[in-house]
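Hi everyone, thanks for coming. Let me put the structure up, and then we can walk through it together.

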Amino acid sequence: MIRDEETLTLLLDTIARFVRERLVPAEAEVARTDRIPEEIVAEMRRLGLFGLTIPEEYGGMGLTMEEEVRVYFEMGHTSPAFRSYFGTNCGIGSQAIVIDGTPEQKARYLPRLASGELIGSFALTEPGAGSDAASLRTTAVREGDCYVLNGTKRFITNAPEAGIFTVMARTDPAKKGADGISAFLVERDTPGLWVGPPDVKMGQRGAHTADVVFENCRVPAENLIGGREGQGFKTAMKVLDKGRIAIAATAVGVAERMLQDALRYACEREQFGKPIAEFQLVQTMLADSQAEIYAARCTVLDAARLRDAGENVNLQAACAKMFATEMCGRVADRAVQIHGGAGYMAEYGIERFYRDVRLFRIYEGTTQIQQLVIARNLIRSGKIYG
Ligand code: COS
């Protein structure tokens, strides 16, 4: 749903200019230093990027899902580390509060997440619980007006920078699966919360992940999201339904950037006396990439519109995430191929995107988990979507 086409166009134009003039020129430096310069973070704050999806009453822009994915198509035209930094505040770092938080929790945290003063982080994954998220072992035991948390979370995006963590923990040890899980808001400076050193990753330098460890960490009972035990897994899944559409949109944007770069290279680079774009084997790679990007863009927009209409988009979000991220991987591979030897060299940047986008097929649910979600929906309902 687009609330006002003119306002959205203005926002998209502003973001496109920010990407072109500020972020693209900084890509190599961010990759080299593994750090987004403070002045760029300050500009992100000024542009309101941290609060894109946070309701207007809490200081955000309150973008609909369709508006949000259109922003991410633009943001995808540069290194995904930039979107990751503020996008966590708009997505998995805030949405548990937006979707299921109490009015007090919303009032306390959303304004600071929207302004970017506070960085949010989503702590679900553990050393022994990745795809099988419901098997998580972090415990939260009620003691008076607190819950005492113990356990380790792994690969937690933005943990080194975060001021507030959404933490899924088991409040009912008698229940082994999803039912015994609750979600908590844990502030960074709570005694007993430790953040490990940043992980060394394949790509997406500038975006950081780390372990988050809880050792007898006492969290006020009022920080139980929604005020009810046993709802945390469902909250996490609802957050991921939205997050998966956002990742799919980013994958479309990055694929567009890679194809644009590959097209430019193919038109400029001459071999056998003419631009390589004139060779049909190169044209196949360009054409397949364009067609797949178009298909993924349509899928993402459809899933976003359905969510805006209040539909359950579990199946569509999984389809969009699977198709767009796998497509992005294929486009990355072809873009490197079109660049030939230059595609393997750091100087051209395309090898960096190739490594960066590999994560899309893994985080917020692997391709195999999306397939499982899609198939389950089909089998349970007995009908297909189309
Ligand atoms: N929205 C609301 N509720 C949901 C839901 C959703 N999207 N998905 C599941 N639920 C509910 C189910 O309805 C069920 O509740 P009831 O028992 O009341 O019916 C409960 O949650 C448990 O669901 P389910 O039985 O499907 O859980 P499983 O353990 O089988 O796991 C998968 C489901 C595999 C889909 C889930 O664990 C998953 O998404 N894993 C990947 C985790 C992930 O993406 N990690 C990335 C790291 S976070 S960046």
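Is His339 buried or exposed? Take a moment to look. His339 is buried, with a relative accessible area of 6%; buried means under 20% relative accessible area, exposed over 50%, and partly exposed in between, with a 1.4 Å probe and protein chains only.

Before going on, a word on what we are looking at. This is a predicted model, in which local features need pLDDT of at least 70 and side-chain atom pairs count only at pLDDT 80 or more, while totals for chains, interfaces and linings use all residues. Residues are numbered from 1 along each chain as its sequence is written, and side-chain values use heavy atoms, with hydrogens and water left out.

Back to His339, which sits in helix α10. Helices here are DSSP runs of H or I with at least four residues, strands are runs of E with at least two, and both are numbered from the N terminus. The His339 side chain reaches the backbone oxygen of Ala335 at 2.8 Å. That is a polar contact, a pair of N or O atoms within 3.5 Å; within protein, one must be able to donate a hydrogen and the other to accept it, and residues adjacent in sequence count only if both atoms are side-chain atoms.

For contrast, look at Arg380 in helix α12. Arg380 is exposed, at a relative accessible area of 67%. From Arg380 to Val41 is 339 residues in sequence and 45 Å in space, C-alpha to C-alpha.

Now to the ligand. Which residues come closest to the ligand? Of the 20 residues that surround it, the closest are Ser131, Lys234, Asp241, Arg244 and Arg376. To count as near, a residue needs a heavy atom within 4 Å. In the side chain of Asp241, an N or O atom is 2.7 Å from a nitrogen of the ligand. Arg244 has a side-chain N or O atom 2.9 Å from a ligand oxygen, and for Asn314 the distance to a ligand nitrogen is 3.2 Å. The protein covers 69% of the 1000 Å² of accessible area that the ligand has on its own, by the Shrake-Rupley method with a 1.4 Å probe.

Two elements give two or more residues to this shell: α8 (232-268) and α12 (367-381). The most comes from α8, with 7 residues.

So let's follow α8 itself. This helix has 37 residues and spans 53 Å from its first C-alpha to its last, close to the 54 Å expected at 1.5 Å a residue; the expected span is 1.5 Å times one less than the number of residues. Of the 37 residues in α8, 29 are buried.

Where do nonpolar side chains go? In soluble globular proteins, they tend to be buried together. Here, the largest nonpolar core has 71 residues, and Met258 and Val300 have the most contacts inside it. Such a core is a set of buried Ala, Val, Leu, Ile, Met, Phe, Trp, Tyr and Cys residues joined through side-chain atoms within 4.5 Å. The largest share of this core, 14 residues, again comes from α8.

Last stop, two loop residues. Asp34, between α2 (27-33) and α3, has a positive phi near 60° without being a glycine. Asn158, in the loop between β3 (146-157) and β4 (164-170), also is not a glycine and has a positive phi of about 70°. At 1% relative accessibility, Asn158 counts as buried.
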